[in-house]
Amino acid sequence: MAERMDIVVPDLGDFADVEVIEILVSAGDTVSKEDGLITLETDKATMDVPAPVDGTIGEITVSVGGTVSSGDVTVSYTHLTLPTKEDV
């Protein structure tokens with residue numbers, strides 16, 4: 001079973017409107033847990049937003065040079081979920 005998931009910008013502390021400096025994936029790419037999806041840059045640091053689970057990239061909703069804030073959706077993708085007892 002596949003489930004759609006939106007990846008959001010994590011809590012950036014006191015920073016808002018952080019610049020997207022690189023997009024590391026394309027639609028259709030397969031990613032593994034912890035693979036970098038996008039790179040953000042603040043005045044003090046550069047950070048990658050990682051994939052929380054294995055999956056396939058669907059839509060990328062940001063662009064290089066654009067800005068994002070905590071909670072903004074950056075990428076959507078699908079990931080496989082194991083069936084639960086209720087599904088069987």
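The structure is a predicted model, in which local features need pLDDT of at least 70 and side-chain atom pairs count only at pLDDT 80 or more, while totals for chains, interfaces and linings use all residues. Residues are numbered from 1 along each chain as its sequence is written, and side-chain values use heavy atoms, with hydrogens and water left out.

The protein contains eight strands and zero helices. Here helices (H or I, at least four residues) and strands (E, at least two) are DSSP runs, numbered from the N terminus. Along the sequence the pattern therefore reads β-β-β-β-β-β-β-β. Of the 88 residues, 28% count as buried; buried means under 20% relative accessible area, exposed means over 50%, and partly exposed lies in between (1.4 Å probe, protein chains only). The accessible surface comes to about 5,500 Å², and 50% of this surface belongs to carbon and sulfur atoms. These areas come from the Shrake-Rupley method with a 1.4 Å probe, and for residues only the protein chains shown count as cover.

Four of the strands form an open sheet in the order β5-β4-β2-β7, with antiparallel pairing. Two strands are said to pair if DSSP finds at least two bridges between them. In general, strands of a sheet pair through backbone hydrogen bonds, either parallel or antiparallel. The edges of this sheet are β5 (46-50) and β7 (67-68), each of which pairs on one side only.

Next, β4 and β2 pair in the antiparallel sense over four bridges, with V20 opposite L40 in β4. Finally, β2 (residues 18-23) pairs with β7 over two bridges, again in the antiparallel sense, and V18 faces V68 in β7.

The largest nonpolar core, which has 17 residues, is a set of buried Ala, Val, Leu, Ile, Met, Phe, Trp, Tyr and Cys residues joined through side-chain atoms within 4.5 Å. Among the residues with the most contacts inside this core are L40, I57 and V68. The elements that give two or more residues to the core are β2, β4 (36-41) and β8 (73-80); β4 provides the largest share, three residues. Contact means heavy atoms within 4.5 Å. Leaving aside neighbours within four places in sequence, V68 is in contact with V9, A16, D17, V18, V20, L40 and V62. Across the protein, among contacts between residues at least 6 apart in sequence, 59% join residues at least 24 apart.

Strand β8 also holds S76, which is buried, with a relative accessible area of 4%. Not counting residues up to four places away in sequence, S76 touches R4, M5, D6, I57, G58 and E59. The side chains of S76 and R4 are joined by a polar contact of 3.3 Å, that is, a pair of N or O atoms within 3.5 Å; within protein, one must be able to donate a hydrogen and the other to accept it, and residues adjacent in sequence count only if both atoms are side-chain atoms.

R4 also meets D6 in a salt bridge between their side chains (3.1 Å, N to O). A salt bridge is a side-chain nitrogen of Lys or Arg within 4 Å of a carboxyl oxygen of Asp or Glu. A search of the whole structure finds one salt bridge. R4 counts as exposed, at 55% relative accessibility, whereas D6 is partly exposed, with a relative accessible area of 40%.
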